[in-house]
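Biologist: I am new to this structure. Can you take me through it, feature by feature?

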Amino acid sequence: MKTVLMVAEKPSLAQSIAKILSRGNMSSYKGLNGACSVHKYTGTFAGQPVHFKMTSVCGHVMTLDFLGKYNKWDKVDPAELFSQAPTEKKEANPKLNMVKFLQVEGRGCDYVVLWLDCDKEGENICFEVLDAILPVMNSSQNGEKTVFRARFSSITDTDICNAMTRLSEPDHNEALSVDARQELDLRIGCAFTRFQTKYFQGKYGDLDSSLISFGPCQTPTLGFCVERHDKIQSFKPEAYWVLQAKVHTDKEESLLLDWDRVRVFDREIAQMFLNMTKLEKEAKVEATSRKEKAKQRPLALNTVEMLRVASSALGMGPQHAMQIAERLYTQGYISYPRTETTHYPENFDLKGSLRQQANHPYWADLVKQLLAEGINRPRKGHDAGDHPPITPMKAATEAELGGDAWRLYEYITRHFIATVSHDCKYLQSTISFRVGPEHFTCVGKTVLSPGTDASIPVHINNICQRNYVTVESGRRLKPTNLGIVLVHGYYKIDAELVLPTIRSAVEKQLNLIAQGKADYHQVLGHTLDVFKRKFHYFVDSIAGMDELMEVSFSPLAATGKPLSRCGKCHRFMKYIQAKPSRLHCSHCDETYTLPQNGTIKLYKELRCPLDDFELVLWSSGSRGKSYPLCPYCYNHPPFRDMKKGMGCNECTHPTCQHSLNMLGIGQCVECENGVLVLDPTSGPKWKVACNTCNVVAHCFENAHRVRVSPDTCNTCEAALLDVDFNKAKSPLPGNETQHTGCIFCDPVFQELVELKHAASCHPMHRGGPGRRQGRGRARGRRPPGKPNPRRPKDKMSALAAYFV
């Protein structure tokens with residue numbers, strides 16, 4: 001039998017679809033990447049019996065990035081990113097091995113059915129999947145069609161089965177529009193971000209943001225926040241006065257009357273009106289009226305309205321709300337939650353969706369009444385041509401969903417019921433009073449016929465992470481000084497950089513690509529040319545934004561605290577803790593980057609033998625890693641085999657006492673390229689840590705001294721350790737205080753070593769050089785990773801088991 005491979009966008013979605021199509025009669029297994037499962041069952045396809053294999057990806061398979069040197073900020077002018085920098089598609093998450101996984105599952109298949117989300121991004125992922133699996137599929141016979149696209153808006157039996165019977169083809173134009181947007185965002189965002197980050201971080205020390213980013217969508221979002229903040233700040237409140245009258249009826253009830261003049265802004269005039277009325281003991285009714293009014297039912301729910309209500313009424317951040325909505329969708333509780341449409345298509349089964357709620361404990365009575373009396377056709381909203389409005393697809397209880405998922409589901413369901421209910425009708429009664437010369441009014445409402453009205457996430461999350469805005473109580477966004485200065489600076493130089501108008505124009509061009517009405521290359525070239533011109537003007541006019549920065553932020557020379565001496569001028573450099581943390585020498589006007597997300601302190605006033613800079617010690621905490629580094633070497637690697645950003649634990653200096661060659665012990669038991677290095681500052685709770693991954697071995701607690709021996713182990717060639725213990729706390733047998741041995745092979749030391757932070761362990765510890773070349777010994781070392789033929793397998797297995 002032939003085989004049909006079906007691919008969904010997420011593992012949970014694949015499982016739900018497979019259960020529906022196989023009617024639960026399927027077998028499953030984990031794929032080679034450990035993240036995606038494969039569900040197998042038999043059935044019919046194109047009138048013939050076939051084997052079905054249903055699996056998934058995890059979002060985008062590929063991502064766009066620059067090639068080679070263009071990925072390095074210091075190597076190229078940001079202006080080159082607009083046209084000269086070549087790009088390539090890379091795996092979005094290399095750890096998932098998604099391309100290999102798809103090829104393994106797609107090899108030998110005859111047909112492929114793509115169940116990706118039915119939007120432009122999903123269409124783009126369709127072609128990423130096809131690029132991976134088409135080369136390994138069986139060739140089509142006689143030009144037979146082998147690629148199919150399933151289109152659906154909800155995970156219900158009806159919708160999924162209908163999609164399977166009405167298969168179409170993936171839309172290449174929609175996929176191209178996403179390719180264009182990805183390239184525009186990459187080139188424009190990286191060029192502006194790199195320039196302004198390097199420019200301002202090189203001048204100011206208290207920006208407190210590791211990346212001063214620009215984004216064609218993110219920056220206009222920030223602009224909205226700052227614009228609102230500016231209006232609040234510029235508002236000047238003005239005092240006013242009002243008269244309030246309280247009248248009592250014969251039934252000892254009281255009414256609070258509203259003054260027809262509403263308010264006055266002159267206190268003396270208000271006092272005059274008060275004096276004219278306060279002596280009156282009665283209020284005279286002059287007129288009464290009653291009028292029936294209606295409040296319209298809401299429009300059908302789209303994404304923007306759902307996120308607005310989730311934020312304002314439910315207290316959920318947009319990204320969190322979207323994650324919950326997507327989970328409710330993949331579990332079949334609601335329809336697809338990404339839609340701009342507020343209008344139901346004529347053939348939408350409104351009664352069927354409503355019947356799903358007929359036995360719900362909270363709103364069953366209302367739903368049954370609507371079904372009995374007849375639903376009201378929803379108001380005509382906007383049809384964006386994408387997906388139907390967000391609709392509940394099956395009933396759920398609070399116990400079933402729990403927490404925020406239930407609260408969001410309840411809102412979506414109540415909103416849907418309201419859209420098919422009749423408008424809320426009420427009777428408004430108005431009574432006019434006269435107190436002396438002044439007139440007052442009282443308005444009341446009586447409900448005649450109830451309704452059930454229930455009263456863009458990534459970009460908001462980005463500007464929060466960049467420290468451009470903070471979220472205050474009531475989920476209000478307040479821009480920081482940095483966010484305000486950036487927006488005001490963009491307005492000063494080129495307002496279109498922060499206004500949504502230019503992005504809107506770009507989106508219209510991208511939509512023309514999706515509709516097949518515009519050429520991909522022409523749209524891309526024209527848009528990049530426009531932003532390239534804007535970029536050059538921005539660079540030439542940066543002084544305008546810099547003037548605003550000077551008011552809010554301190555120059556590097558006036559920031560930070562003295563820490564270590566510069567190797568060039570021998571004056572103290574200042575340590576700037578604000579992100580990104582760095583050292584600055586005001587005399588030499590040089591700035592040196594440092595490792596992030598840890599603490600920095602002076603390292604015993606010791607100096608680097610290469611450049612005379614004082615060493616500093618980076619630490620991630622008492623239970624983590626720490627290592628010394630030379631600020632100059634960290635930024636300017638001294639040896640050919642070193643890269644920027646390496647500390648002393650990776651330095652290949654042949655004789656420096658802080659280098660890898662003097663403190664390295666042996667190859668890491670977890671990763672293939674790392675070396676376990678002694679942390680000489682960790683005593684009396686000594687540590688050995690990998691210089692590449694997160695493995696940390698705690699060893700020889702309470703030892704007086706631990707040092708790396710020049711000798712190596714005869715079995716594994718790792719460096720030996722010389723350990724001295726205090727006589728009162730020595731764990732060595734026979735009350736000995738000194739011992740030299742290999743932490744991998746010596747049975748005495750194996751009892752004194754405890755591995756931490758390791759996620760998993762290789763089934764066998766690979767032999768390898770104890771340290772890199774350069775310690776003065778020319779003994780024949782084998783290449784890294786090559787197994788040691790002299791090392792017994794049982795010893796290797798025992799070591800692996802020990803470290804687990």
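**Pocket, cavities and sheet**

Modeller: Start with the second largest pocket, which has 25 lining residues. Nearest its centre lie Trp 73, Asp 74, Thr 593, Asn 635 and Lys 644. Keep in mind that this is a predicted model.

Biologist: What volume does the second largest pocket have?

Modeller: About 890 Å³.

Biologist: Which element supplies the largest share of the lining of the second largest pocket?

Modeller: Strand E19, with four residues. E19 spans 590-593. Helix H5 (172-201) and helix H19 (631-635) each supply at least two residues too.

Biologist: How do the residues of that lining divide into nonpolar, polar and charged?

Modeller: For the second largest pocket, seven are nonpolar, 11 polar and seven charged.

Biologist: Now the cavities. How does one find empty space?

Modeller: Rolling a probe the size of a water molecule over the atoms shows where empty space is left. Here, the largest cavity has a volume of about 130 Å³. Its lining has 17 residues, and Ser 626, Tyr 627, Val 677, Leu 678 and Asp 679 lie nearest the centre. Strands E22 (626-629), E24 (675-679) and E25 (686-690) each give two or more residues to this lining. By class, the lining of the largest cavity has 10 nonpolar, four polar and three charged residues.

Biologist: Which residues are closest to the centre of the second largest cavity?

Modeller: Cys 608, Cys 630, Cys 633, Cys 648 and Cys 651. They belong to a lining of 17 residues. The second largest cavity holds about 100 Å³ of space. Its lining has 13 nonpolar residues, four polar ones and no charged ones.

Biologist: Let us turn to a sheet. In what order do the six strands of the open sheet run?

Modeller: Read E2-E3-E4-E1-E7-E8, with mixed pairing. E2 (27-30) and E8 (147-149) are the edge strands, each pairing on one side only. On average, neighbouring strands are turned by 25° against each other, direction ignored.

Biologist: How many bridges join E1 to E4?

Modeller: Seven, and the two strands run parallel. E1 covers residues 2-8, and E4 covers residues 48-56. As one example, Met 6 stands opposite Met 54 in E4.

Biologist: Which strands does helix H3 lie across?

Modeller: H3 (residues 120-133) lies across E1, E7 (111-115) and E8. H3 runs at about 155° to E7. Helix H4 (residues 157-165) also packs on the sheet. H4 touches E1, E3 (37-45), E4 and E7, and its direction makes about 140° with that of E7.

Note on methods. Residues numbered from 1 in each chain as written. Predicted model: local features only at pLDDT ≥ 70, side-chain atom pairs only at ≥ 80, totals over all residues. Heavy atoms only, no water. 1 Å grid on protein atoms, 1.4 Å probe; cavity = no way out; pocket = protein on both sides within 12 Å on 5 of 7 lines; lining within 4 Å. Points joined across faces, edges and corners; volume = space filled by probe spheres on them. Nonpolar A, V, L, I, M, F, W, Y, C, P; charged D, E, K, R; others polar. Pairing = 2+ DSSP bridges. Axes fitted to C-alpha atoms, helices over the stretch in contact; angles between N-to-C directions. Contact = heavy atoms within 4.5 Å.
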